[in-house]
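Visitor: Hi! Could you walk me through a structure today?
Guide: Happy to. Let me bring it up.

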Amino acid sequence: MAPTQLQEASRLVGEDLAFQRRVWRFQRIGWGAMALVVLLGMAGVFGGGPLAQASARSADGAIEAEWEWIERIGRDSQLRIRGLAPHRGPLELRLEGGLAGPVEISGIEPQPAGESRAPGRIWLRFDPPPEGERAEILLKLRSSRPGIVSGQLAIGEAAIPLRLVVLP
Amino acid sequence: MESVLRAVAIYVALTLLFRITGRRSMSHITTFDFVLLLVVGEATQQSLLGEDFSLTNGLLVIATLLGLDVAMRWLKARHRPADRILEGLPTILVVDGQPLQDRMREARICEDEILQSARENQGLTRMEEIRLAVLEVSGTIAIIPRRPE
């Protein structure tokens, strides 16, 4: 095949091979990016995976929490709380800041014995755990707006700050 | 406002993703490709509408998508570089019966596909009978037969 034949054909069909090669390179980079997005998604970078998990414990050890710090709009995430009642009587869990505002509580296990609300604050009262045992409470959280939500969980004087990144 | 932004985001993301996957993927649709398109539509539906399933929201999203499509066509017609970037250019795969292997590899097209197009469109059965095979921007392979000597 003579090179002039290819040049002539190239001119006839309006080909620009250098440009097309750049497009192919862009596509290959794009495939890599798509694979990376899938891997990151499996790892939990967009919520719902190991990298999205966070845990914290108050300084006195009275309250522990595990939650998903990366969240998506419209998806339920779990906030698992283990806490000791500060003294005899009901265990009162306090949710403050963003946990009582932009984030909605879509489910509570076990059902609280009582609940009261004030702007920026929710109190949930539970039956106290058996002597020497920790109460385990599961809250299902759902966000309706993207952004960063900061709040605090507290039982008595013990408190844990919580931060959630809500993706659109 | 939010519905319009959602529609714009989905349109841009889908345009980019389909551009990345390549023009071959949208031509010669197989049964699986068809199912894949339905699944893509289903996956984007919730993102487009959110939790608002009202007629107003649906019409707003449709108007936004169609408006973007008209704007994109206008841009491609008026601005040649944009047309090249968004649609691509034809690529020659065979000249004078000789397959250009490096281009075919990069375009992810094998000789069998070129011969299939040659049979379907021109009734040709051998590579030597092809003067030009061109991968068009639509994803089809155009076959120009050699002139009889």
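Visitor: What order do the four strands of the open sheet in chain B take?
Guide: The order is 2-1-3-4, and the pairing is antiparallel. Keep in mind that this is a predicted model.

Visitor: Which ones are the edge strands?
Guide: Strand 2 (98-99) and strand 4 (141-145) of chain B, each of which pairs on one side only.

Visitor: How many bridges link strand 3 and strand 4 of chain B?
Guide: Five bridges, with the two strands paired in the antiparallel sense. If you'd like a spot to look at, find B:I130, which stands opposite B:P145 in strand 4 of chain B.

Visitor: And what lies across those strands?
Guide: That's helix 6 of chain B, residues 111-122. Helix 6 lies across strand 1, strand 2, strand 3 and strand 4 of chain B, and runs at about 65° to strand 4.

Visitor: New topic! How many residues does the contact take from chain A and from chain B?
Guide: Chain A gives 18 residues and chain B gives 14 residues. On the chain B side, strand 1 (91-95) and strand 3 (130-135) are the elements that give two or more residues. Strand 1 of chain B provides the largest share, three residues.

Visitor: What classes of residue are on that chain B side?
Guide: Seven are nonpolar, four polar and three charged.

Visitor: Last one: how is chain A divided?
Guide: Into domain 1 (3-43) and domain 2 (50-167). Taken over C-alpha atoms, the centres of these two domains of chain A are separated by 50 Å.

How values were computed:
Residues are numbered from 1 along each chain as its sequence is written. Chains are lettered from A and ligands numbered from 1 in the order in which they are written. This is a predicted model: local features need pLDDT of at least 70, side-chain atom pairs count only at pLDDT 80 or more; totals for chains, interfaces and linings use all residues. Two residues are in contact if their C-beta atoms, placed from the backbone, lie within 7 Å. Ala, Val, Leu, Ile, Met, Phe, Trp, Tyr, Cys and Pro count as nonpolar, Asp, Glu, Lys and Arg as charged, and the others, Gly among them, as polar. Domain bounds come from an automatic or database domain assignment. Two strands pair if DSSP finds at least two bridges between them. Axes are lines fitted to C-alpha atoms, for helices over the stretch in contact, and angles run from 0 to 180 degrees between N-to-C directions.
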